[in-house]
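Me: Please take me through this structure by question and answer. Start with the ground rules.

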Amino acid sequence: MTTLDILFVAGIAGALPFVLFLAFGRQVQESFLLVALLAGAFWGFSAITILREGVLGFVPNHTVNLWGTQVWYDLVICVVVALTFIVPRARAVGMNVPLWVIACGLSASIALLPMVARLFWLERRTTS
């Protein structure tokens, strides 16, 4: 297996327990710390990727064939759907929504994960 194959499988293995828990768990609790840790790890991986592949290194992946374009649309749709759920809650706790939404539009999960972590933290702080 190549390093990229291993990273692919690691993504599945890492997500599977959470997907199963979300599907079958009786009580899901939002955790700003868990999302912040995931955001930090993803930021680190993204930094390495940008340093090695360049800022626009993702473009060839999404323009080489229909699968690449489908994955691009999948990413865009997921970010828009996530923001649809997040934005009203973010406004309610006083987050700078335009800035966060623009950041998410430019970087997808690189900004979306920290946005969700901050949202969870602010919501927890206001309910405590």
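Reply: Helices (H or I, at least four residues) and strands (E, at least two) are DSSP runs, numbered from the N terminus. The model is predicted: local features need pLDDT of at least 70, side-chain atom pairs count only at pLDDT 80 or more, and totals for chains, interfaces and linings use all residues. Residues are numbered from 1 along each chain as its sequence is written, and side-chain values use heavy atoms, with hydrogens and water left out.

Me: How many helices and strands are in the chain?

Reply: Read from the N terminus, the elements run α-α-α-α-α-α. The C-alpha atoms fill a box of roughly 45 × 35 × 25 Å along the principal axes. The count is six helices and zero strands.

Me: What part of the 128 residues in the chain is buried?

Reply: A residue is buried under 20% relative accessible area, exposed over 50%, and partly exposed in between (1.4 Å probe, protein chains only). By that cut-off, the buried part of the 128 residues is 20%.

Me: Among contacts with a separation of 6 or more, what part comes from residues 24 or more positions apart?

Reply: Contact means heavy atoms within 4.5 Å. Leu34 sits in helix α2 and is partly exposed, at 45%. For the chain, the part from residues 24 or more positions apart is 61%.

Me: Which residues does Met115 touch, beyond four places away in sequence?

Reply: Met115 is one of the core residues with the most contacts. In soluble globular proteins, nonpolar side chains tend to be buried together. The partners of Met115 are Leu83, Ile86, Ala90, Met95, Trp100 and Cys104.

Me: At what angle do α5 and α6 cross?

Reply: Trp100, Ala103, Cys104 and Ser107 of α5 meet a set in α6 that includes Ile110, Leu112, Met115 and Arg118. The contact has eight nonpolar, two polar and one charged residues (nonpolar: Ala, Val, Leu, Ile, Met, Phe, Trp, Tyr, Cys and Pro; charged: Asp, Glu, Lys and Arg; polar: the others, Gly among them). Axes are lines fitted to C-alpha atoms, for helices over the stretch in contact, and angles run from 0 to 180 degrees between N-to-C directions. The axes of α5 (97-107) and α6 (109-127) come within 6 Å, and the crossing angle is roughly 145°.

Me: Within what arc do the buried residues of α5 fall?

Reply: Val97, Trp100 and Cys104 are the buried ones in α5, and their cover includes α4 and α6. Pro98, Leu99, Ile102, Gly105 and Leu106 are exposed on the other side. The arc is that of the directions from the helix axis to the C-beta atoms. The buried residues line one face of α5, because their arc is 70°.

Me: What phi does Ala108 take?

Reply: Ala108 lies in the loop between α5 and α6. At 12% relative accessibility, it is buried. Most residues other than glycine have a negative phi. Ala108 is not a glycine, yet its phi is positive, at about 55°.

Me: Is the aromatic pair of Phe58 and Trp72 stacked or edge-to-face?

Reply: Rings of Phe, Tyr and Trp (its six-membered ring) pair if their centres lie within 6.5 Å; planes under 30 degrees apart are stacked, over 60 edge-to-face, and the rest tilted. A search of the whole structure finds one pair. It ties parts 14 residues apart in sequence, because Phe58 lies in α3 (58-63) and Trp72 in α4. With centres 6.0 Å apart and planes at 15°, the rings of Phe58 and Trp72 are stacked.

Me: How far apart are the C-alpha atoms of His62 and Trp72?

Reply: His62 belongs to helix α3 and is buried, at 16%, whereas Trp72 is partly exposed, at 33%. Beyond four places in sequence, His62 touches Gly68, Thr69, Val71 and Trp72. His62 and Trp72 are 10 residues apart along the chain, and their C-alpha separation is 5.7 Å.

Technical notes
A nonpolar core is a set of buried Ala, Val, Leu, Ile, Met, Phe, Trp, Tyr and Cys residues joined through side-chain atoms within 4.5 Å.
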